[in-house]
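Dear colleague,

I am handing over the structure that we talked about, and I would be glad if you could read the notes below with the model open beside them.

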Amino acid sequence: MAVNVRRRALPANLALAAGSVLVALALLEAGVRILGLAPVRFANTARLRDGHGRLLLDCYPANPGQAFDVDLRDPAVRERYRAAGVARVDSVGVRAPFAVEFRYNALGFRDVEWSARRPGVHRVIVLGDSFTEGWGVPEKDTYPRVLERLLDAAEPGRWEVRNAGHRGADFPALFGGFEETLAFRPDLLVYGMVLNDVDRSPEMEARQVYMNDWILDQEHLSSTPVPHSRSHLLAFVEDRVAAWRIDRASTAWYHELYGVPNRDGWQQTQDRLREMDRRLHAQGGRFLVASWPLLVGLDTDYPFQDEHDRIARFCAEAGIPSHDLLPALRARPNHELVIHAADRHPSAVAHRLVAESLAPAIVHLLAH
């Protein structure tokens, strides 16, 4: 009899449990909407160029920290860029009006035109990728410019620092940029090395996770919000799971750049660095590898310490001076060091800290 009673009660118990689950999910859905926990989406950025490759504007929909110093909402500013041959200024100015200006010299570097060395002046050339070019920061705030001011303050008129950074440059392109700089006979060439600069095998190139390479988070640079009719709870969970998977794959990819899967690429990079050091010494110059950290987890658990240690060990074994920039940025809140929540290029604060760390290392190296 008791068994029959339990069997008759089972459908009612299941219905009650299902109802409780549905109520709980409805409450969670309401809570997610009230708290605004839908996946974060940032309005798209834009890039404007003139017709000659000498002027570029990186444009942003918001201006966190008032870092972007060009305001395309100003009619006079838009007119100035139209006159300079920059297209789409008006349309982009409506949705992404806050911009940073880039002016390039004949070599394609964000700098004045380079000339012959001046007697009695130390010439420092800084080679690198978008971190060195200064993606997202005004030219005066890039670490080569800050570095020049710091050095000049200590010895007025004795220093010049040239910026040979180029966005998107990895090896082997960086080696081509290095060869261009040799004709200008630097006393010191500083290579601002970012972890993704190394030569890559075709397999590693194919596996790069471009949705979020710990520098640009393309996944969240979208102007399309979650539709109101769709479950925000489900969208939030899906977003968190996708972000976890992408972040995990990106982290593994960076580790493998310096491991067995990219052994040949890392070896090729080491050979290039040795050759850069040799050729600089042959013409009386010095070489310094300055290792940038990726701007993630610096205030918690930085995931790429092993890669920094590997670069430092190689440099020590090869007799190449090196300077790790990680200590200069470690323990700082990430939001202070990046230009945007979905764009982890270094902010003006990060550039300043890096320049302050490099200046004494440069003075010491050239004095010995």
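Two strands are said to pair if DSSP finds at least two bridges between them, and helices (H or I, at least four residues) and strands (E, at least two) are DSSP runs, numbered from the N terminus. Please keep in mind that this is a predicted model, in which local features need pLDDT of at least 70 and side-chain atom pairs count only at pLDDT 80 or more, while totals for chains, interfaces and linings use all residues. Residues are numbered from 1 along each chain as its sequence is written, and side-chain values use heavy atoms, with hydrogens and water left out.

With that in hand, four strands form an open sheet in the order 1-2-4-3, and their pairing is antiparallel. Strand 1 (46-49) and strand 3 (70-71) are the edge strands, each of which pairs on one side only. Strand 3 is joined by two bridges to strand 4 (residues 98-103), which runs antiparallel to strand 3, and Val-70 stands opposite Ala-99 of strand 4.

Helix 13 (residues 348-367) has 20 residues and spans 29 Å from its first C-alpha to its last, close to the 28 Å expected at 1.5 Å a residue (the expected span is 1.5 Å times one less than the number of residues). A kink of about 25° lies at Leu-358, shortly before Pro-360, where the bend is the angle between axes fitted to the seven residues ending at a residue and the seven starting there. Leu-358 is also among the buried residues of helix 13, which include His-351, Leu-353 and Ile-362 (buried means under 20% relative accessible area, exposed over 50%, partly exposed in between, with a 1.4 Å probe and protein chains only).

Helix 6 (residues 173-182) and helix 9 (residues 263-282) pack at an angle of about 0°, with their axes 11 Å apart, and are therefore roughly parallel to each other (angles under 35 degrees count as roughly parallel; axes are lines fitted to C-alpha atoms, for helices over the stretch in contact, and angles run from 0 to 180 degrees between N-to-C directions).

Finally, a cis peptide bond, with omega of about 15°, joins Phe-171 and Pro-172, and Pro-172 is found in the loop between strand 6 (159-165) and helix 6.

Technical notes: Angles under 35 degrees count as roughly parallel, over 145 as roughly antiparallel, 65 to 115 as roughly perpendicular and the rest as oblique.
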